[in-house]
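Q: I have not looked at this structure before. Could you walk me through it?

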Amino acid sequence: MDWLILGIVIGLGTWALAAWTRARKLNLVWYEWLLIAIAVAFVLLAYQNYTATMAELEPQAGPFMLLAFGLPALVCAVAAGFLVWRKQQPARPAVKS
C-alpha cells in the first residue's frame, strides 16, 4: 500500500513541478529533468532498502542504506536546483580593467 501512495505522491509532485516551471516561464533542459529523475529514483531506492533491511531485522544495515542511496539523491537534487537557480540569475556586466 505504501508504494501506491508513493506513486500518487510522485505523480502529483511531477505535475506540480511541471506546472510551477510553466508558471514561472522556466525552460528546464533535458539534463535538469534527468537529474531530478535520478534523485527521485535514489530516494525511492533508499526508502525501499531501508524498509527491507529493517524488516529483515538488520538494524545496522538500514541507516547505511539510507546514507548510501540518500547521499547521491541529495547531490543530484542540489545540482538540479543549483542549475535552475543559476539560470534565473541576471547576467553580471563585464568588469573592465
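This is a predicted model: local features need pLDDT of at least 70, side-chain atom pairs count only at pLDDT 80 or more; totals for chains, interfaces and linings use all residues.

Q: How many helices and strands does the protein chain have?
A: The secondary structure of the protein chain comprises three helices and zero strands. Read from the N terminus, the order of elements is α-α-α.

Q: And is the chain compact or spread out?
A: The protein chain is more spread out than a compact globule, because its radius of gyration is 18 Å, whereas the globule rule gives 13 Å for 97 residues.

Q: What box do the C-alpha atoms fill?
A: Along the principal axes, the C-alpha atoms of the protein chain occupy a box of roughly 65 × 35 × 15 Å.

Q: How much of the chain counts as buried?
A: Of the 97 residues in the protein chain, 14% count as buried.

Q: What about contacts between residues 24 or more positions apart?
A: Among contacts in the protein chain with a separation of 6 or more, 64% join residues 24 or more positions apart.

Q: Turning to the loops, where is Lys25?
A: Lys25 lies in the loop between H1 and helix H2, the latter covering residues 30-55. The phi angle of Lys25 is near 55 degrees, a positive value in a residue other than glycine.

Q: Is Lys25 buried or exposed, then?
A: Lys25 counts as exposed, because its relative accessibility is 71% and the cut-off for exposed is over 50%.

Q: And the other loop, between H2 and H3: what is the phi of Leu57?
A: Leu57 has a phi near 60 degrees, a positive value in a residue other than glycine. Leu57 sits in the loop between H2 and helix H3, which spans residues 61-88. With a relative accessible area of 70%, Leu57 is exposed.

Q: Changing topic: how big is the accessible surface, and how much of it belongs to carbon and sulfur?
A: The accessible surface of the protein chain is about 7500 Å², and 72% of that belongs to carbon and sulfur atoms.

Q: Which residues make the nonpolar surface patch?
A: Met1, Leu4, Ile5, Ile8, Val9 and Leu12 make a nonpolar surface patch of about 650 Å².

Conventions
Residues are numbered from 1 along each chain as its sequence is written. Side-chain values use heavy atoms; hydrogens and water are left out. Patches are made of residues with over 30% relative accessible area and no salt bridge: like charges are joined within 9 Å, nonpolar side chains (Val, Leu, Ile, Met, Phe, Trp, Tyr) within 5 Å. Accessible areas come from the Shrake-Rupley method with a 1.4 Å probe; for residues, only the protein chains shown count as cover. A salt bridge is a side-chain nitrogen of Lys or Arg within 4 Å of a carboxyl oxygen of Asp or Glu. Helices (H or I, at least four residues) and strands (E, at least two) are DSSP runs, numbered from the N terminus. The radius of gyration is taken over C-alpha atoms; the globule rule is 2.2 Å times the number of residues to the power 0.38. Buried means under 20% relative accessible area, exposed over 50%, partly exposed in between (1.4 Å probe, protein chains only). Contact means heavy atoms within 4.5 Å.
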